[in-house]
Amino acid sequence: MTMQFEDFDLSTPDTGRHGGAAPGDEESAATAVRLQYLLDNTPSIIYCTVPSGDFKMTFVSNNALNVLGYPPEDMVADPNFWFDHIHPDDAPGIFSSLAQIFVEGARAYEYRFRVRDGSYLWMHDSLRLVRDEHGVPFEVIGSLTDITERKRMEAMLQARGEEQQLLISKLQEAHDQLLQSEKMASIGQLAAGIAHEINNPIGFVNSNMSSLQGYVGTLFGVIGQYEAAMRETPDGPALAARVAEVRAQADLIFLQDDMVDLVRESMDGLKRVRDIVQALKDFSHVGETDWQVASLHAGLDSTLNIVANELKYKARIEKQYGELPPILCLASQLNQVFMNLLVNAGQAISSDGVISIRTGHAGDWVWVEIGDTGAGIPPEHLNRIFEPFFTTKAVGSGTGLGLSLSYGIVNKHGGRIEVASEVGQGTRFTVHLPLQPPTATNA
């Protein structure tokens, strides 16, 4: 047979015809002792069942008493012992697939088993079918191991994992709130400058319109005098002379030319107002929260319009745009990154500086570099600039979230931010972004 347990009488070994134990019997007895010791001291309960019907137990190792509290003979005597002690919630899954052991030759289960005190232990049960030399099922051998502690640890780890997921979710919500707060705070700091930019063109438009109104009044006066002269002076030459005199007094040629200039300037002023308002809309992308294909150059230009008043008295903007394909991104969030970097560059410059913006494309990546000729970042601060709430600005001048949030946004896009700085020479931030962010692909 392939495998078979034999019953050994360990107390009175068989003796030969001459009154002493035969050498073969002594060897068998020693082997039996060793096997019994291994069975009684292994961590797993070894048992055998019939390979049909109710899988009645035919053998149970002695260590079942220590693990389960049942004497092995009681377990063997009850034909339904195994089935009756499996937890009711676990039994259906076992019963429905147990017949597969005759096809597969082996099965493994994890279930709760009722011990003598009425509680349940989690057990790992590994069953294997044994066939005789003719291939007929002979018996089923099982190895039952207590895995209660492992299950407890798994449950604890799962609970901790759920707590961590909840914490991550809360941190994400807090991050999103901080992102919105930082954006609103940044826009609030620039609100006065934006209002100034809007008021300037509106101011000279109003002034021009006021002058235009005076010019129109003068023109109507000329026309009135012309008509009066015609009524009073029927003589043609005299009339022409009078009209010429009136035109000269009113400087009608100048008025005609200047009216054209005033209207053109007024239209330019109105266009500036429209551009500024459009830049605000482009910057914020109100209502747009989905990934979309967008132009980084358009985002940079709209952001430059937003921060123009913050920068124009300190630095000159130099743009060196390369060829950039549109990329899949969260446009408003990238605009927030550009604004943070541009505002920081402006704040690093005391006066008469240069802010350079360069872009490029290599393979499946694009990059945007924003550099300044400002004060630079000390080496001891360089490895901390992306930490939340870290700032070297005076109290009330910054939250220390701008670069941290920018780092998070770029990381969300599957990109990275590189920084190079030299004290007294300036700083250069380079944002690298993939054309197809993995986050958007998996969303």
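**Reading local features**

A: The model is a predicted one.

Q: Which residues are buried in helix α13?
A: In helix α13, which spans residues 402-412, the buried residues are Gly-402, Leu-403, Ser-404, Leu-405, Ser-406, Ile-409 and Val-410.

Q: How is a pair of aromatic rings described?
A: A pair of aromatic rings is described by the distance of the centres and the angle of the planes. A search of the whole structure finds eight aromatic pairs. In one of them, the ring centres of Phe-81 and Phe-113 are 6.4 Å apart and the planes are at 40°, so the pair is tilted. The pair links distant parts of the chain, with Phe-81 in helix α4 and Phe-113 in strand β3, 32 residues apart.

Q: Are Phe-81 and Phe-113 buried or exposed?
A: Phe-81 is buried, at a relative accessible area of 5%, and Phe-113 is buried at 0%. The rings of Trp-82 and Phe-83 are also tilted, because their centres lie 5.1 Å apart with planes at 35°. Trp-82 is buried, at 2%, whereas Phe-83 is partly exposed, at 22%.

Q: Which aromatic cluster do these residues form?
A: One aromatic cluster includes Phe-81, Trp-82, Phe-83 and Phe-113, together with Phe-55, Tyr-70, Phe-95, Phe-102 and Tyr-111.

Q: Where do charges sit over rings?
A: Lys-151 lies over the face of Trp-122, 4.6 Å from the ring centre. The charged end of Arg-416 sits over the ring of Trp-365, at 5.5 Å from its centre.

Definitions and conventions: Residues numbered from 1 in each chain as written. Predicted model: local features only at pLDDT ≥ 70, side-chain atom pairs only at ≥ 80, totals over all residues. Heavy atoms only, no water. Buried < 20%, exposed > 50% of the residue type's maximum accessible area, 1.4 Å probe, protein only. Helix = DSSP H or I, 4+ residues; strand = E, 2+ residues; numbered from the N terminus. Phe/Tyr/Trp six-rings, centres within 6.5 Å; stacked < 30°, edge-to-face > 60°. Lys NZ or Arg CZ within 6 Å of the ring centre and 35° of its normal.
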